[in-house]
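Please go through the model below strand by strand.

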Amino acid sequence: MKRRGLFALLAAAMLVTCMAGALAEETGSCETHSWSSGVCTVCGYACGHQWQAATCTEPKTCEVCGETEGGALGHSWQDATCTTPRTCSVCNVTEGGTLPHSWNDGTCSECGASCPGHDYQQTGSTSETSYEKWNDTQHNKKVAYYKTMTCSVCGYSVQEFDHEETELQNHAWEDGKCTSCGYVCQHPFKLLMHNDNKSWEEELPSVPENESTHTDYYIIHDVFDCACGLEFKPPEEPNSAAGKAHTFDGNDRRDLYDAEDVQHLRRDRGRGAGP
């Protein structure tokens, strides 16, 4: 029995010695290798390499000895936007910052985002002018003033009412029409002024009444200058002056007066027969 136990111990010792030798052949005799280019500088053991794949920033690398092969792959960059910075599509590393929004009427045309909060500041002013008829001689001029308010964040602008000013002005006449408010002159009496230089009286043939008198007929052609710059001529009606005494020159004779001829003259003028 003792002899068998001794043989078993010897066999086990030999097995351990063989395994240690084999392990030494695979890993070298050093407990801790000093690697250089994949070879231990102490025991000369050459690493069998356990490779890790290359990444964006690191080449293909042995986990055991640190030996590398090739180079890093490099980043696959995606361009920055107004919501994300420049980003590697492989490792998700970022570089720099986001781009500014492309604002259009308070909304980003790239990402659709709205301005987070308008910060309006006055950047200018505008005005609108209008006219309305007031009366025959004047119109009311209205000027509305607006402030241009612009957002310092997105650049969106709005017009904000400020105040209004009014002023009564005389019509600006041209060919009887106001060039400002469009009012067309109706030539009211208060705007008319008699033009003595252009008005004239037209004499019409007189009509005998009897052997002593006659009726004079005439038309007054009145011309008025309107304040709008146009001439105004009222309707014309014949005027008459009855009971005018005849005036005879040296060749005229009263006995030539013929009552029948007078009747014909009056009838022709549509005034009926006289006495």
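Between which strands does the loop that holds Asp175 lie? Asp175 lies in the loop between β14 (173-174) and β15 (177-178). Strands, like helices, are DSSP runs numbered from the N terminus (E, at least two residues, for strands; H or I, at least four, for helices).

This is a predicted model, in which local features need pLDDT of at least 70, side-chain atom pairs count only at pLDDT 80 or more, and totals for chains, interfaces and linings use all residues. Residues are numbered from 1 along each chain as its sequence is written, and side-chain values use heavy atoms, with hydrogens and water left out.

Asp175 is not a glycine, yet its phi is positive, near 55°. Asp175 is also exposed, with a relative accessible area of 68%.

Asp105 has a positive phi of about 55°, and it is not a glycine either. Its place is in the loop between β9 (103-104) and β10 (107-108). Asp105 is exposed, at a relative accessible area of 61%.

## Cysteines

The structure holds zero disulfides. A disulfide here is a pair of cysteine sulfur atoms within 2.5 Å.

## The nonpolar core

Which residues make up the largest nonpolar core? It has six residues in all: Cys185, Leu191, Leu192, Phe224, Cys226 and Cys228. A nonpolar core is a set of buried Ala, Val, Leu, Ile, Met, Phe, Trp, Tyr and Cys residues joined through side-chain atoms within 4.5 Å.

Cys226 is in contact with Cys185, His187, Leu191 and Leu192, leaving aside its neighbours within four places in sequence. Contact means heavy atoms within 4.5 Å.

## Ser199

Ser199 lies in the loop between β16 (192-194) and β17 (200-208). Is Ser199 buried or exposed? At 17% relative accessibility, Ser199 counts as buried.

Its side chain has two polar contacts to describe. A polar atom of that side chain lies 2.8 Å from the backbone oxygen of Asn195. The side chain of Ser199 also reaches the backbone nitrogen of Val223, at 2.9 Å. A polar contact is a pair of N or O atoms within 3.5 Å; within protein, one must be able to donate a hydrogen and the other to accept it, and residues adjacent in sequence count only if both atoms are side-chain atoms.

Neighbours within four places in sequence aside, Ser199 is in contact with His194, His221, Asp222 and Val223.

Strands of a sheet pair through backbone hydrogen bonds, either parallel or antiparallel. Here two strands pair if DSSP finds at least two bridges between them.

β17 is joined to β18 (residues 213-221) by seven bridges, and the two run antiparallel. A hairpin of four residues links β17 to β18. Glu203 stands opposite Tyr218 in β18. Pro208 stands opposite His214 in β18.

β18 also pairs with β21 (residues 239-245), in the antiparallel sense, over five bridges. Across that pairing, Asp216 stands opposite Ala241 in β21.

## The three-stranded sheet

An open sheet of three strands has the order β3-β4-β5, with antiparallel pairing. Its edge strands are β3 (51-52) and β5 (68-69), each of which pairs on one side only. Two bridges join β3 to β4 (residues 60-62). Trp51 stands opposite Cys62 in β4.

Thr57 lies in the loop between β3 and β4. Thr57 is exposed, with a relative accessible area of 52%. Not counting residues up to four places away in sequence, Thr57 touches Ala72 and His75. Thr57 and Leu73 are 16 residues apart in sequence, and their C-alpha atoms are 6.7 Å apart in space.

Technical notes: Buried means under 20% relative accessible area, exposed over 50%, partly exposed in between (1.4 Å probe, protein chains only).
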